[in-house]
Amino acid sequence: MVESIHNTESSDIKNCNNSSPDEIETCRIYSKIEVFHILQEIMKKNTLVTLYFDQSNRFILTSIIGIDNNQDEMLIDYGVEPEINELTLKSTNLTFITSQNRIKIEFTCNQIRRAHYENRDVFAVKLPESLIRMQRRSYYRIPTPITKPLKCIIPIPQKEVPFKAEITLIDISCGGIGVIDHHPVISFEPGIIYHDCQINLPGFGSITATIEVKTTYEITLKNGQLCKRAGCQFIDLPTGMETTMRRFITKQEQTRIAP
């Protein structure tokens, strides 16, 4: 059982800051499997959950203590104030705010009931049909597989024969890519823009994007080789491709943390 708090002035944490509805929808996850895995990780790490009720600033600090995927239900710990718990049980408008790997997670439900778990009262709610994973503001970057690293195919405009350069990615996010700059032809000087770059995401298809080189600096690889690392930003990545990228990254995270 954790602390209950009400009438706070920090209502801005309940909303997705200054994100537009389109930005929020881009970050919404509908896959039942993805939603389950995210909530399961939050439960395993005993991450704090803020439960708002009645569309007000009143909330309870709680945690997820059980998930029943077969019953499509989740158990939430009670707060310490009985009056606040009773008000929560009467609410039909509930918003949950938490985080996963420092990324904000938000979901809602409209039904809550009292249940019993390990000889004590707890809340029970239906698993959300979707949740918002707000990673646009601080793009979560993951390293690419070492054995089979991702490749980016970059068309190089030439007057004679069209040429495509294959670049190895060292990390990737919804905001851009990190590459090793050791190609003899292509240049990764900051400010250079490349169009129609293709990245194959195994199991999810390919995306085509425009990238702009933002930073470059020297790094030493594990084999002792000195080379340049360039950070590139996606420019106006279409919503559908960003969604594909987000799902690929989520899958890689799940694979990485799986026992």
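Modeller: Let's start with a term we will need: a residue is called exposed when its relative accessible area is over 50%. Keep in mind that this is a predicted model.

Biologist: Happy to. Does N46 count as buried or exposed on that scale?

Modeller: N46 has a relative accessibility of 54%, so it counts as exposed. Its place is the loop between α2 (32-44) and β3 (49-53).

Biologist: Where does D236 lie, and what is its phi?

Modeller: D236 sits in the loop between β18 (226-235) and α4. This residue is not a glycine either, and its phi is positive at about 50°. With a relative accessibility of 72%, D236 counts as exposed.

Biologist: Now the rings, please. How many aromatic pairs does a search of the whole structure find?

Modeller: The search gives 5 aromatic pairs. One of them joins F204 and F248. To name its geometry, recall that planes over 60 degrees apart count as edge-to-face. Here the angle between the planes is 85°, with 5.9 Å from centre to centre, and the pair is edge-to-face.

Biologist: Which parts does this pair tie together?

Modeller: F204 belongs to the loop between β16 (193-201) and β17 (205-220), and F248 to helix α4 (residues 239-257), so the contact links parts that are 44 residues apart in sequence.

Methods
Residues are numbered from 1 along each chain as its sequence is written. This is a predicted model: local features need pLDDT of at least 70, side-chain atom pairs count only at pLDDT 80 or more; totals for chains, interfaces and linings use all residues. Side-chain values use heavy atoms; hydrogens and water are left out. Rings of Phe, Tyr and Trp (its six-membered ring) pair if their centres lie within 6.5 Å; planes under 30 degrees apart count as stacked, over 60 as edge-to-face and the rest as tilted. Helices (H or I, at least four residues) and strands (E, at least two) are DSSP runs, numbered from the N terminus. Buried means under 20% relative accessible area, exposed over 50%, partly exposed in between (1.4 Å probe, protein chains only).
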